[in-house]
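Dear colleague,

Please find below the structure that I am handing over to you. My notes on what was found in it follow directly after.

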Amino acid sequence: MSTPSPQRARSAAAKQQRERAILDAARSLGAERSVREVTLTDIAAAVGMHKSAMLRYFETREQIFLALTAEGWEDWSAVLRARLSEFTGDTADPDAVAAVIARTLVARPFFCDLLAQAPLNLERNVSLDSVYEFKTVVLGEVALLVSELCRVLAITERSAIDLISTATSMAGALLQMAAPGTRLRTLYESRPELAHALVDVEPQLTRILAALVIGMRSTGM
């Protein structure tokens with residue numbers, strides 16, 4: 001059976017609707033499997049389009065997932081800033097802030113997967129204009145987070161940027177190492193001699209971030 005061929009979106013609104021459908025399909029597939037396993041053909045099939053027709057809306061599969069990464073940054077930043085706003089009065093405890101950062105990231109496994117894939121793959125197979133657009137969104141969200149982190153932790157802007165960079169890069173890496181829902185994870189859990197490979201992302205990330213903040217404060221960074 002051939003793949004249905006929907007009419008090309010003519011109006012701006014119709015184009016946006018089609019793009020949204022593509023993004024939603026990619027999000028669903030990426031969350032179900034993993035980002036690296038989802039092909040452009042998979043996404044096209046999920047929205048009932050030919051793969052060649054997808055290129056009218058996105059230049060590559062990487063551009064689709066890069067757009068979802070930008071949306072992930074906006075979502076995570078909004079939630080984290082709301083949680084940080086709850087810290088009032090004196091400077092917050094590093095452990096408490098680290099726990100909030102780690103918890104909000106681990107609650108978004110698809111975003112963490114995207115965080116790992118973005119610098120390795122997604123940014124490397126799109127146009128420079130797409131990278132610029134993506135980086136502009138990310139830097140805007142980082143600036144908003146920096147303001148809140150400086151307030152609650154009494155650290156410098158440079159330290160706040162380093163904290164965000166460490167949190168997001170480690171969340172992406174630790175999730176890959178944890179290999180949730182995979183045969184690797186089953187292997188780690190079934191072999192006692194591989195217990196060291198069982199990564200529990202949230203507590204490990206919390207410990208790393210808390211230690212980083214304490215170190216920043218002790219050195220006046």
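**Contacts around F134**

Apart from neighbours within four places in sequence, F134 is in contact with L66, T69, A70, W73 and E123, where contact means heavy atoms within 4.5 Å. The model is a predicted one, in which local features need pLDDT of at least 70 and side-chain atom pairs count only at pLDDT 80 or more, while totals for chains, interfaces and linings use all residues. Residues are numbered from 1 along each chain as its sequence is written, and side-chain values use heavy atoms, with hydrogens and water left out.

F134 belongs to helix α7; helices here are DSSP runs of H or I with at least four residues, strands are runs of E with at least two, and both are numbered from the N terminus. The residue counts as buried, at 6% relative accessibility. The term buried denotes a relative accessible area under 20%, exposed over 50% and partly exposed in between, with a 1.4 Å probe and protein chains only. Between F134 and L175 there are 41 residues in sequence and 22 Å in space, C-alpha to C-alpha.

One of the contacts of F134, T69, is found in helix α4 and is buried at 0% relative accessibility. Beyond its neighbours within four places in sequence, T69 is in contact with F111, L114, A118, L122 and F134.

**Aromatic pairs**

The structure holds three aromatic pairs. Rings of Phe, Tyr and Trp (its six-membered ring) pair if their centres lie within 6.5 Å; planes under 30 degrees apart count as stacked, over 60 as edge-to-face and the rest as tilted. W73 and W76 form one of these pairs, edge-to-face, at 5.6 Å centre to centre and 75° between the planes. Both residues lie in helix α4 (residues 61-84), three residues apart, about one turn of the helix. An α-helix has 3.6 residues a turn, so residues three or four places apart point the same way. W73 is buried with a relative accessible area of 6%, and W76 is buried at 1% relative accessibility.

W73 also pairs with F111: the ring centres are 6.0 Å apart and the planes stand at 85°, so this pair is edge-to-face. Since W73 lies in helix α4 and F111 in helix α6 (residues 109-120), the pair ties together parts that are 38 residues apart in sequence. F111 is buried as well, at 5% relative accessibility.

**Helix α7 and the chain as a whole**

Helix α7 (residues 128-153) has 26 residues and reaches 36 Å from its first C-alpha to its last, close to the 38 Å expected at 1.5 Å a residue; the expected span is 1.5 Å times one less than the number of residues. A154 follows α7 and has a positive phi, near 55°.

The chain contains 10 helices and zero strands. Its C-alpha trace spans about 65 × 45 × 30 Å along the principal axes. Of its 221 residues, 44% count as buried. Among contacts in the chain with a separation of 6 or more, 71% are between residues 24 or more positions apart.

With kind regards
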